[in-house]
Amino acid sequence: MAFALLGPAPAVADEPTPTEPAPSEPPRVELVLDVSGSMRARDIDGRSRISVAQQAFNEVVDALPEVTQLGIRVLGATYQGEDKKVGCRDTQQIVPVGPVDRGQAKAAVATLRPTGFTPVGLALREAAKDLGTGATTRRIVLITDGEDTCAPPDPCQVARELAAQGTRLVVDTLGLAPDEKVRRQLLCIAGATGGTYTAAQSTEELTGRIKQLVERAGETYTRTPTVVGGATACDGAPMLASGVYTDRETFSEHRWYRVAVRPGQELRASVSVALDRPVNRDYGVLLRAVAPDGRELVRGADAGSGRADVVSAGLRWSDDDDSEDDDDGDNSDDSSDGDASAAAQQPRMVCIVVSNSFAPRPGTGVTPGMPIELTVDVVAASPTPRGPDLGRGWMLLALLTVAGLLTGLLTGLLTRWWVATWREK
Amino acid sequence: MSMRTTLLRSVVALVAAGGPALLPAAALAAPSGAPTPSPGAETVTRAGTSFLTSTTIAAGQPVQVRASAGDYLYWSFSAEAGQVHDVAATVTFPRDRSGASTWTLEVFDGLRRRQACTDGAQTPTVDKAAGSVSLGCTLREVRPWAEPWSGDPLPGTYFVRLSVVDVPEPDLGAPVDVELLVATDGEGGTPADDGELSTPLVPNTRPGAVLSDVQAAAPVDDEDDERGLGDLVTLPALGSRWIWTTAGGILAAVAGVVGFALTRRPRRG
């Protein structure tokens, strides 16, 4: 048993470690803290929400990994008046995104006093600007206790638009008040960007969660797919090499891509379509590999119902016909064989189509489309085994032994009979 | 069937006293009970939130992580042909809940294809009062090879996703403690003469690149041709058909001699 458990360890070592490119930039995270008037409420362990948040920030800054670049932005921190127009522009970056000066960051957080409005949408937009653009994933941690008091823009729509821009952005949300509207809004923001929602009800929960999110940002930020735009037909569809891609696809849309597959190679593709908005209960995804002439080669599909983050499907395909052609080629004369092998080296185009059967609920936005994640890999094909015409198993051994025994007995008896007859003569 | 196998096994073992050393131990592996962490394995305290960011774990390595109700938690482990995996998870609720909830443990292969569970509570529902819920999924045996068009489980990466599929909205975001363990039955290493996957189903997680038509048609380096020689030199693996059949031939010859000798004995006596 112990051996069985230890068994897979070498397999992990053997596994070709995904060669993540040397990180060209450090992980970037911005904490966005609501400092609106409602943060004065004393309902977490008998302390005010803002003091709990301040303590959590201090601990997070202390435990911050060296490489992580952390910024802090506040909203509703300065304007004390009643003018909504002015109050809804009240958001500042108090610690710029970069290598963190711990003392300075803590000092900046310590001076915060609950004051004004809650312009969540604007703060998210500004935070995305603070984090800049690039090839790796950026993460925003939004900590708030009240719903946005400044819509429009609707923060959830803002989050969806930000996620659809070129740079990958994930918004994790933390709610400090058990309020239904806040929860809905934060769930919507988290869902639209592939982030998480947490209802924190104690200092320990808040601190633990922020630390976990910052740590997660550092570990996973380089695993970011390339943005690609699929076509509406196979002709002119983008030609994909092996790797991970992301695209957007709206309801009932088909997205086409192309992959070059050589004889003796196998195409592997998988797709995940994210449910980043409310859709009807049942949904599905279909991934097809199609020849340029429209003939379907293989399909992968999956369907589901209820809560889910993504629905995924995958497929494998290899050109088995060509291996038979090669065998035929060996029998023919040399010149035609040479031509055949030259032609065989020509890659074959395979079109990949991604479609979904999601249905929007009344009022669900259609643009931008739902995020899709496509992985493409072209590897050496695994030909059908031509095993030796041999057997295996205990039954085989028993059969052969019994057959041998019977043959021996028969031979022996025959010999005795023959010897006996010979003697008589 | 097991009765028959046992009988046969003992008969054969008696007949071929010298033979069994050659034969694979896999057939003798005893069925195991509930999965237990392997001794000395380090506890994993992380979880990914998507296929791409899943946390890699090894079989027998326990996972303990604090999460929020509603999170989608991803782990991945690697599997070899001949193995059967057993995933077990427990979700504990430290806080009171407002209603019943349904949890699910789903397993996907390296191509994100859903894998069937042959056993285990994959989508249990817990009522409001329960303090925890246990989930489980026993997977099919990993095959060494399958046709590209089939959905059989193949060697490579497997993803585990733990999530709540049905929950009253007020309970979302509440803390939960998750424990997970992947156990392996069977030793893996099935002989290669029944086919072999050239590359395990390990997803390529590098960011992709869009090519021009000229690049796509360019000739490739023939790296793969290098392996040809190595394959020729390899001896048949233990448990391969070659070994079994040869052993069978030897047994048959011995039995033939024994049978022949039996017919001689009365004459001598």
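Predicted model: local features only at pLDDT ≥ 70, side-chain atom pairs only at ≥ 80, totals over all residues.

Reader: Fine. Where does P368(A) lie, then?
Author: P368(A) sits in the loop between β17 (348-356) and β18 (370-380) of chain A. The peptide bond that joins T367(A) to P368(A) is cis, with omega about -10°.

Reader: OK, and what's the phi of D45(A)?
Author: Phi of D45(A) is near 50°, which is positive in a residue other than glycine. You'll find D45(A) in the loop between β2 (42-44) and β3 (47-48) of chain A.

Reader: Is D45(A) buried or exposed?
Author: D45(A) counts as exposed, because it has 11 C-beta neighbours inside 10 Å and the cut-off for exposed is 12 or fewer.

Reader: What about R112(B), buried or exposed?
Author: R112(B) is buried, because 25 other C-beta atoms lie within 10 Å and 20 or more is enough for that label. R112(B) is not a glycine, yet has a positive phi of about 60°. Its loop runs between β5 (101-109) and β6 (117-119) of chain B.

Reader: Switching to the chains. How many residues does each one put into the contact?
Author: Chain A gives 92 residues and chain B gives 87 residues. On the chain A side, the largest share comes from helix α12 (residues 394-424), with 18 residues.

Reader: What's that side of chain A made of, by class?
Author: The side of chain A that touches chain B has 45 nonpolar, 32 polar and 15 charged residues.

Reader: Which strands pair across the two chains?
Author: Strand β10 (residues 239-240) of chain A and strand β11 (residues 210-211) of chain B run antiparallel and are joined by two bridges. M239(A) has L211(B) as its bridge partner in β11(B).

Reader: Last topic, domains. How is chain A divided?
Author: Into domain 1 (23-220) and domain 2 (226-380). The C-alpha centres of these two domains of chain A lie 38 Å apart. Their contact takes six residues from domain 1 and six residues from domain 2.

Reader: Which elements of domain 1 give two or more residues to that side?
Author: Those are α7 (155-164) and α8 (180-193) of chain A. The residues on that side of domain 1 divide into two nonpolar, three polar and one charged.

How values were computed
Residues numbered from 1 in each chain as written. Chains lettered and ligands numbered in written order. Contact = placed C-beta atoms within 7 Å. Helix = DSSP H or I, 4+ residues; strand = E, 2+ residues; numbered from the N terminus. Nonpolar A, V, L, I, M, F, W, Y, C, P; charged D, E, K, R; others polar. Pairing = 2+ DSSP bridges. Domains from an automatic or database assignment.
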